[in-house]
Amino acid sequence: MEKIESFKVNHELLKRGIYVSRRDYDNDTNKVIATTFDIRMKEPNKEPVMNTAELHTIEHLGATFLRNHEVYKKETIYFGPMGCRTGFYAIFKGNLDSTDIIEIIKEMFKFISEYEGDIPGADAKSCGNYLDQNLPFAKYEANKFYNEVLLNLMQENLVYPN
């Protein structure tokens with residue numbers, strides 16, 4: 001089998017940041033219809049990954065935030081965790097670069113880091129594993145990523161290493 005694009009990224013050199021993971025094209029027009037972003041919160045294989053509970057909470061809060069945002073509710077296709085638990089994938093409509101989404105990602109992580117109240121969708125009717133949530137640690141992880149990475153983005157945090 002051919003290796004998929006995300007497995008071709010050198011994870012030994014990857015920093016925390018926002019990266020274009022892939023672009024999907026319309027078969028008829030060959031125009032980009034969606035861009036997938038790698039929202040990397042942890043340096044792979046160098047620091048502990050997130051536990052599933054805080055990862056799950058960030059997913060609930062992030063997806064709810066984006067799908068209720070005045071502008072991005074129409075542009076968001078998906079927001080969810082990576083299996084390796086080092087970050088998230090966000091998929092937006094259109095041909096975008098990492099710099100195009102910096103502000104919405106900052107806004108989302110600020111929202112998560114300050115969130116108070118019930119976690120949206122964290123009930124038995126709405127979620128298949130609703131008890132696996134951890135709001136305090138989700139806020140901690142979101143705040144850490146916001147302050148350490150999003151407020152100090154450089155080129156190495158926006159473009160995959162060679």
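**Entry 1: terms and model**

I take a residue as buried when its relative accessible area is under 20%, as exposed when that area is over 50%, and as partly exposed in between. By that cut-off glutamate 43, with a relative accessible area of 19%, is buried. I note here that I am working from a predicted model.

**Entry 2: overall build**

I looked up the secondary structure and found three helices and four strands, which follow one another from the N terminus in the order β-β-α-β-β-α-α. The radius of gyration is 16 Å, close to the 15 Å that the globule rule gives for 162 residues, so I put the protein down as being as compact as a globular protein of that length. Along the principal axes the C-alpha trace spans about 45 × 35 × 35 Å. I also noted that 44% of the 162 residues count as buried, and that the accessible surface comes to about 9200 Å², with 49% of it belonging to carbon and sulfur atoms. Among contacts with a separation of 6 or more, 69% are accounted for by residues 24 or more positions apart.

**Entry 3: the nonpolar core**

I then turned to the largest nonpolar core, which has 34 residues, and in which Ile18, Ile39, Ile58, Ile101, Ile105 and Phe109 have the most contacts. Two or more residues of this core come from each of β2 (32-40), α1 (52-68), β4 (87-93), α2 (98-114) and α3 (135-148), and the largest share, seven residues, is that of α2. For isoleucine 101 I listed the partners, leaving out residues up to four places away in sequence, and found that it touches Ile18, Phe37, Ile39, Phe92 and Leu96.

**Entry 4: threonine 57**

Threonine 57 is found in helix α1, and I recorded it as buried because its relative accessibility is 0%. With neighbours within four places in sequence left aside, threonine 57 is in contact with Ile119, Gln133, Asn134, Leu135 and Ala138.

**Entry 5: the β3-β4 hairpin**

Strand β3 (residues 76-81) runs antiparallel to β4, and I noted five bridges joining the two. Within this pair, glycine 80 stands opposite tyrosine 89 of β4. The two strands form a hairpin with five residues between them, and in the turn I marked arginine 85, which has a positive phi of about 65°.

**Entry 6: salt bridges**

My count of salt bridges comes to 12, and I followed up three of them. The side chains of aspartate 38 and arginine 40 meet at 2.7 Å, N to O; aspartate 38 is buried at 0% relative accessible area, and arginine 40 also counts as buried, at 3%.

Lysine 46 and glutamate 43 meet through their side chains at 3.8 Å, N to O. Here lysine 46 counts as exposed, at 51% relative accessibility, whereas glutamate 43 is buried, at 19%.

How values were computed:
Residues numbered from 1 in each chain as written. Predicted model: local features only at pLDDT ≥ 70, side-chain atom pairs only at ≥ 80, totals over all residues. Heavy atoms only, no water. Core = buried A, V, L, I, M, F, W, Y, C linked by side-chain atoms within 4.5 Å. Buried < 20%, exposed > 50% of the residue type's maximum accessible area, 1.4 Å probe, protein only. Contact = heavy atoms within 4.5 Å. Pairing = 2+ DSSP bridges. Rg over C-alpha atoms; globule rule 2.2 N^0.38 Å. Areas by Shrake-Rupley, 256 points an atom, 1.4 Å probe, with all protein chains shown as cover. Salt bridge = Lys/Arg side-chain N within 4 Å of Asp/Glu carboxyl O.
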